[in-house]
Amino acid sequence: MNVGANTVVSFDYVLCDSDGRELDSSRETGPLAYLHGAGGIIPGLADAMTGRASGERFSVVVQPEQAYGLSDPKMIAALPRERFSGTDTIAVGMQFHAQTTEGHARVVRVVAVDDRTVTIDANHPLAGQSLSFDITVVDVREATASEIEHGHPHGQHCEHHDKGGCGRQHQHGCG
Ligand code: ZN
């Protein structure tokens, strides 16, 4: 069957940035599964998946607008170093969990440090980047009624579902 509305798609991927550096792949984790049309993967990749069949291989370059968005300058802030007094060393590339003013948890990265200020960036690490995917479609199947209801695929190895405890709001990494 082909990828379309209400299909569960499993795929292997290698993700590279525009310089050809590998950022991520499914080699260690195994194929990734998602429910097509439910927003589980970035829009540009979902578009490129439509109509594909299992076994198909393809490459696609996804522009930032169809991936993790553009980098928002408002999400980058220089904070006084005193704010980080509980941390011994602060280096570029370190990540912190922070709370936004609306109370959402968010990962922020340190992008610059000097004697007085620490500059943090709360954009998604892949914001502003064109992403190049090499995709192998491993399997395409019809989604079950409960998968469609929940908006995500259910796998055999999901403890959460084995216990029958899937809340509709719950995001799980299983499946
Ligand atoms: Zn579920």
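I will talk about the aromatic pairs and the salt bridges in this structure.

What we have is a predicted model, in which local features need pLDDT of at least 70 and side-chain atom pairs count only at pLDDT 80 or more, while totals for chains, interfaces and linings use all residues. Residues are numbered from 1 along each chain as its sequence is written, and side-chain values use heavy atoms, with hydrogens and water left out.

Let me begin with the rings, which pair if the centres of Phe, Tyr or Trp rings (for Trp, the six-membered ring) lie within 6.5 Å, with planes under 30 degrees apart called stacked, over 60 edge-to-face and the rest tilted. The count by this rule is three aromatic pairs. One of them joins Phe-11 and Tyr-34 edge-to-face, at 5.8 Å between centres and 80 degrees between planes. Phe-11 is buried at 1% relative accessibility, and Tyr-34 is buried too, at 3%, where buried means under 20% relative accessible area, exposed over 50% and partly exposed in between, using a 1.4 Å probe and protein chains only. Ring pairs also bring Tyr-13 into a cluster with Phe-11 and Tyr-34.

Turning to charges, a salt bridge here is a side-chain nitrogen of Lys or Arg within 4 Å of a carboxyl oxygen of Asp or Glu, and the structure holds six. Among them, Asp-17 and Arg-21 have their closest N and O atoms 2.9 Å apart; Asp-17 is buried at 6%, whereas Arg-21 is exposed at 54%. In another, Arg-27 meets Glu-22 at 2.5 Å, N to O, with Arg-27 exposed at 57% and Glu-22 partly exposed at 43%.
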